[in-house]
Amino acid sequence: MTWTSSMSSGYSSLEEEESEEFFFTARTSFFRRPPGKSRAAPQDVQKEREPHVYLSKEEVKEKIQSYNSSVTDKLKMTLNANGIYTGFIKVQMELCRPITVQSSQSQGRCAPSSQETAFYLPDGCVNTLHISSTNTVREVIEALLKKFFVADNPAKFALYKRCHKEDQVYTCKLSDREHPLYLRLVAGPKTEMLSFVLREHETGEVMWEAFSIPELQNFLRILDKEESDQLQLLKNRYAAYRGKLEEALRGVLKPG
C-alpha cells in the first residue's frame, strides 16, 4: 500500500462488524453540552440493512463502463486483468474535535514528541483518494490520517456514507470491512447519490481513555484559553454596565 498527497490538492493514493447505524445528518460537540442544550438522539431512518449484491466479473466490467461514461471530472475507474479495479473516492472531513499532528521530522518515532501539535481541521476539507476494490474502510481511514500526519488512534474515527433519499439527507456508518470503491461503483459517480464523510465516533460521550497524555494536555491548554477568553468577555460586559450605572447616578445626583 502506497500513498502520495498534497495538502492543497487533497489527493492521496492507496494501491493494492456487520451492523450499520443510520441517522439524520448531524454534528457532534467535543465537550458535553450545557444542560438544556443537549442534542436530540440520532433518529433511525432505515430499519434494515441494504443487501450486499455480489457482482460477477462481467457485471463489474459493464458497471465500470457505465460509470466511466458518466464521469465528468476525469476520475475514472480501471478494471485489471485479475478482476480487481481501481478508482477514486472523495472524502469530506467533518471533525469536531482537535487532531494531533506530527511534524515530518518526528514520523516513525514511538515516544510522544514535543513536535506534536493539536488543532482543529477546517470545515469542508475534501480529499480525493485513489484506491482499489480490495481496500477496506479501515485502510481508507488510516490513509487519510497518514496524509495529514495525524498521530491520533485510527479507532477514534469512522467513515460514513451520505445519500439523498426523498429530499432528505441521510448518513450511515460503514463497518471496517466494507469496500468504499464498490459502494462508489454501485452508486455511480454523482456525489448527490453517495458521498463519504470522515467523523469521530458517535458515542455521546468523549472516550478520554483513548487519548494519549500529550493529547489530553493539549485539550487542557485549549480549555484554559477558552476559559480566559470567556472570563475577559464577562469582565468587559460588567465593566460596561458599571460605567452606564455610574453615568446615570451622576445625572441623578447632579445639583439642579
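Author: The protein, a predicted model, has 4 helices and 10 strands. From the N terminus on, its elements follow the order β-β-α-β-β-β-β-β-α-β-β-α-β-α.

Reader: How much of the protein counts as buried?

Author: Of its 256 residues, 37% count as buried. The protein exposes about 16000 Å², and 54% of that is supplied by carbon and sulfur atoms.

Reader: What makes Thr136 buried?

Author: Thr136 has a relative accessible area of 18%. The limit for buried is under 20%, therefore Thr136 is counted as buried. Thr136 lies in the loop between S7 and H2. Leaving out residues up to four places away in sequence, Thr136 touches Asp176, Arg177, Glu178, His179 and Pro180.

Reader: Why does Ser70 count as partly exposed?

Author: The relative accessibility of Ser70 is 40%. Partly exposed is the class in between buried, under 20%, and exposed, over 50%, so Ser70 counts as partly exposed. Ser70 is found in helix H1. Ser70 and Gly188 are 118 residues apart in sequence, with 7.9 Å between their C-alpha atoms.

Reader: And what puts Lys74 in its class, buried or exposed?

Author: Lys74 has 76% relative accessibility. Exposed means over 50%, so Lys74 counts as exposed. Lys74 is found in the loop between H1 and strand S3 (78-79). Phi of Lys74 is near 70°, a positive value in a residue other than glycine.

Reader: How do you know that H2 is mostly covered?

Author: Of the 11 residues of H2, 8 are buried. They are Val137, Arg138, Val140, Ile141, Ala143, Leu144, Leu145 and Lys147. Just after H2, Phe149 takes a positive phi of about 55°.

Reader: Which residues touch the most other members of the largest nonpolar core?

Author: That core has 33 residues, and Tyr85, Ile89, Val91, Met93, Leu159, Phe196 and Leu198 touch the most other members. Elements that give two or more residues to this core include helix H1 (57-70), strand S4 (85-93), strand S8 (157-165) and strand S10 (195-200). H2 gives the most, with 5 residues. In soluble globular proteins, nonpolar side chains tend to be buried together.

Reader: What is Leu159 in contact with, leaving aside its neighbours within four places in sequence?

Author: Leu159 is in contact with Val91, Val137, Val140, Ile141, Cys172, Lys173, Leu174, Pro180, Phe196, Val197 and Leu198. Contact means heavy atoms within 4.5 Å.

Reader: How much space lies in the largest cavity?

Author: About 70 Å³ of space lies in the largest cavity. Rolling a probe the size of a water molecule over the atoms shows where empty space is left.

Reader: What makes a cavity of that space, and which residues lie nearest its centre?

Author: A space is called a cavity because a 1.4 Å probe fits there but cannot get out. The largest cavity is lined by 10 residues, and Arg97, Pro98, Phe157, Glu200 and Phe211 lie nearest its centre.

Reader: How do the residues of the lining divide?

Author: The lining of the largest cavity divides into 6 nonpolar, no polar and 4 charged residues. Arg and Glu count as charged, whereas Pro and Phe count as nonpolar.

Terms used: Residues are numbered from 1 along each chain as its sequence is written. This is a predicted model: local features need pLDDT of at least 70, side-chain atom pairs count only at pLDDT 80 or more; totals for chains, interfaces and linings use all residues. Side-chain values use heavy atoms; hydrogens and water are left out. Buried means under 20% relative accessible area, exposed over 50%, partly exposed in between (1.4 Å probe, protein chains only). Accessible areas come from the Shrake-Rupley method with a 1.4 Å probe; for residues, only the protein chains shown count as cover. On a 1 Å grid over the protein atoms alone, a cavity is a set of points where a 1.4 Å probe fits but cannot get out, and a pocket is an open set with protein on both sides within 12 Å along at least five of seven lines; lining residues have an atom within 4 Å of a point. Grid points are joined across faces, edges and corners, and a volume is the space filled by probe spheres set on the points. A nonpolar core is a set of buried Ala, Val, Leu, Ile, Met, Phe, Trp, Tyr and Cys residues joined through side-chain atoms within 4.5 Å.
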